[in-house]
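Subject: Structure for your review

Dear colleague,

Please find below the structure I promised to hand over. My notes on what was found in it follow directly after.

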There are 2 protein chains.
Amino acid sequence: MTDIKTGINPLFLREEELRQGIELLFFAYRDFTSEPDAILADYGFGRAHHRVIYFVGRNPGMTVSELLDILRITKQSLSRVLGQLVDEGFVTQKPGIRDRRQRLLALTEKGIELERQLTERQRARIARAYREAGAEAVEGFRKVMLGLIDEADRPRFPLRQPPRR
Amino acid sequence: MTDIKTGINPLFLREEELRQGIELLFFAYRDFTSEPDAILADYGFGRAHHRVIYFVGRNPGMTVSELLDILRITKQSLSRVLGQLVDEGFVTQKPGIRDRRQRLLALTEKGIELERQLTERQRARIARAYREAGAEAVEGFRKVMLGLIDEADRPRFPLRQPPRR
DNA sequence: CATATATGTCAATATGACTGACATAAAGAC
DNA sequence: GTCTTTATGTCAGTCATATTGACATATATG
């Protein structure tokens, strides 16, 4: 049970290592969302609005179904949040061309501006962490994070192809 | 704007890299919490109960203030969740010896069992991701995650504190 | 034409968060 | 020994976000 050389129980180390992983996720996510949350409060919005704005901004022209699939909430839950964003002029809906039942979602100028403002803080936080940790650590971070995601969802990455020049 | 050799805009790459970081956090956290959430539903509990059970289990004898400081919620919010857990016999409270105003928190046997059941899934998920990514990647993951946490909170790691009182 | 799909909506409910005000017991300061 | 602060709890009201279930509408597809 106890390593003769180090006097340390290797199973305990492993347990401790895994619990640190759990805690890193909790604290990183807690702090990662706290800055945008404060900005959203000024607009009377919550985190759910941020998620919608983020993914619509990231994927202009996406359908409601695609958004539901990413967020993993019910359409009734999405409905109110999305409705507010449309009513207040942050998001537009237009019928699909191939399939006119679809409502293709996109950000308005106002929506783009809010998205920029919200994501800026998170981008800055990640940029700082990446810079301080170094390129090699970033590679490791990506590998582990990808491994934490359900296998079925992994092909989603990268979410978007860089435009060709 | 465009690199002559690669034909790729380096600013775009950086933007893309940062957005992937944002998304990795979102998806990893979403999937990381989904399994325990399903178990909690059987008990009529939510994610807030899990957080309390986790941190009390991790830090037996902790005070209510310490827990509030970790969770960053109001005492009124904690009150109901903690009260339920005490009422239903998952958590015990006993007065501090040095300071009898304190209610030192700990898990009962039943609480330990539920904590084990909940955390097991998350531990397994992390163990799998660590194993697949390799030791070096894990080091990088830890560095980046720590960098994402507010500087003031970082001394919290590693979390295990010397037993007080 | 019949069925399936994409989306929306109404209603009821639950969880978990908030602010603000007030209460109590105990500790610490003077 | 009083005075003040701290640790905790509680009451009351509110809000954001999620749920399930049922039903509606428009459009696509076989």
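Which residues are the closest to DNA strand D, and how many surround it? In this predicted model, DNA strand D is surrounded by 24 residues, and the closest of them are A:Ser77, A:Arg80, B:Ser65, B:Lys75 and B:Arg101.

Contacts to DNA strand D

A phosphate oxygen of DNA strand D lies 2.7 Å from a backbone N or O atom of A:Thr74.

By class, the residues of the surface near DNA strand D comprise three nonpolar, 10 polar and 11 charged. Among the atoms of DNA strand D within 4 Å of the protein, 58% belong to sugar or phosphate, and the rest belong to bases.

Contacts to DNA strand C

Around DNA strand C there are 25 residues, of which A:Ser65, A:Lys75, A:Arg101, B:Gly46 and B:Arg51 come nearest. For B:Arg51, an N or O atom of the side chain is 2.4 Å from a phosphate oxygen of DNA strand C. A polar backbone atom of A:Val64 is 3.4 Å from a phosphate oxygen of DNA strand C. The side chain of B:Gln76 is directed to a base instead, with an N or O atom 2.8 Å from a base oxygen of DNA strand C. Two or more residues each are given to the surface near DNA strand C by helix H3 (64-71) and helix H4 (75-87) of chain A, and by helix H2 (47-58) and helix H4 (75-87) of chain B. The most come from H2(B), which gives four residues.

The surface near DNA strand C holds three nonpolar, 11 polar and 11 charged residues. Sugar or phosphate accounts for 58% of the atoms of DNA strand C within 4 Å of the protein, with bases making up the rest.

Yours sincerely,

A colleague

Methods. Residues are numbered from 1 along each chain as its sequence is written. Chains are lettered from A and ligands numbered from 1 in the order in which they are written. This is a predicted model: local features need pLDDT of at least 70, side-chain atom pairs count only at pLDDT 80 or more; totals for chains, interfaces and linings use all residues. Side-chain values use heavy atoms; hydrogens and water are left out. A residue is near a molecule or strand if one of its heavy atoms lies within 4 Å of it. A polar contact is a pair of N or O atoms within 3.5 Å; within protein, one must be able to donate a hydrogen and the other to accept it, and residues adjacent in sequence count only if both atoms are side-chain atoms. Ala, Val, Leu, Ile, Met, Phe, Trp, Tyr, Cys and Pro count as nonpolar, Asp, Glu, Lys and Arg as charged, and the others, Gly among them, as polar.
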